Amino acid sequence: MQTAKKGDQVTVHYTGRLTDGTVFDSSEGRDPLAFEVGAGMMIKGFDAAVDGMEVGAKVTTEIPAAEAYGEARQDMIFDVPKSNLPPDMVAEVGQQLAMSQPNGQQLPVKVKEVHEDKVVIDANHDLAGKDLVFDIELVSIG
């Protein structure tokens, strides 16, 4: 039986959960996810779990934060003066925003706190600092 290895194009069905069981993403009801094993397209722990799987195999893997989206970093949380925001914007805690980086790339951020003269922005990935659990089924290779 053929097993997935680095460089293979594969498709998988998956369900991603937090350790408390909360589902944060799933391919259920959609086409399977396609990617190249070992190409850095997936988080490290997910890639490692697929490497060596056979078509039709199912695995549940626990991925520590360090092999997923990394630890949440304090340097990714910062203050933005309200004067730097669009004048018609009303910032709310939990609001998703996009900030432009110097190179023009958009960075998704979330409003963490709102104060009279500033907002506190968190640019960490929503899953940073969280251990993840994935149920993975290898659908095809090639």
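In what order do the elements of the protein chain run from the N terminus on? I read the order as β-β-β-α-β-β-β-β-β-β. I note that this is a predicted model. My tally for the protein chain is one helix and nine strands.

**Overall form**

I looked up the radius of gyration next and found 19 Å for the protein chain. The globule rule gives 14 Å for 142 residues, and the value here is well over that, so I record the chain as more spread out than a compact globule. Along the principal axes, the C-alpha atoms fill a box of roughly 60 × 35 × 30 Å.

I then checked burial: 30% of the 142 residues count as buried.

For the charges, I noted 12 positive and 24 negative in the protein chain. Their mean positions are 2 Å apart.

**Cores**

Which residues of the largest nonpolar core touch the most other members? I listed V10, F46, V50, F134, I136 and L138, out of 20 residues in that core. Two or more residues of this core come from each of β1 (9–18), α1 (44–50) and β9 (132–141). I give β9 the largest share, five residues. Apart from this core lies another, of eight residues, and I wrote down A91, V111, V119 and A123 as among them. As background, nonpolar side chains tend to be buried together in soluble globular proteins.

**T61**

Is T61 buried or exposed? I find a relative accessible area of 15%, below the 20% cut-off, so T61 is buried. T61 lies in strand β4, residues 58–63. Beyond residues up to four places away in sequence, I see T61 touching A49, L132, V133, F134 and I136.

**D117**

I located D117 in the loop between β7 (106–114) and β8 (118–122). D117 has 54% relative accessibility and therefore counts as exposed. Which residues does D117 touch, not counting residues up to four places away in sequence? I found P81 and K82. K82 is 35 residues from D117 along the chain, and I have their C-alpha atoms separated by 5.5 Å.

**Two prolines in loops**

I looked up P32 and found it in the loop between β2 (23–26) and β3 (33–36). With 30% relative accessibility, P32 counts as partly exposed. P32 touches T11, V12, H13 and V139, when residues up to four places away in sequence are not counted. I also took the separation of the C-alpha atoms of P32 and L97: 29 Å, for residues 65 apart along the chain.

Where is P64 found? I place P64 in the loop between β4 and β5 (77–81). P64 is partly exposed, and I note its relative accessible area as 36%. The C-alpha atoms of P64 and V93 are separated by 28 Å, the two residues being 29 apart along the chain.

How values were computed:
Residues are numbered from 1 along each chain as its sequence is written. This is a predicted model: local features need pLDDT of at least 70, side-chain atom pairs count only at pLDDT 80 or more; totals for chains, interfaces and linings use all residues. Side-chain values use heavy atoms; hydrogens and water are left out. Helices (H or I, at least four residues) and strands (E, at least two) are DSSP runs, numbered from the N terminus. The radius of gyration is taken over C-alpha atoms; the globule rule is 2.2 Å times the number of residues to the power 0.38. Buried means under 20% relative accessible area, exposed over 50%, partly exposed in between (1.4 Å probe, protein chains only). Lys and Arg count as positive and Asp and Glu as negative; His and the chain ends are not counted. The place of a charge is taken as NZ of Lys, CZ of Arg, CG of Asp or CD of Glu. A nonpolar core is a set of buried Ala, Val, Leu, Ile, Met, Phe, Trp, Tyr and Cys residues joined through side-chain atoms within 4.5 Å. Contact means heavy atoms within 4.5 Å.
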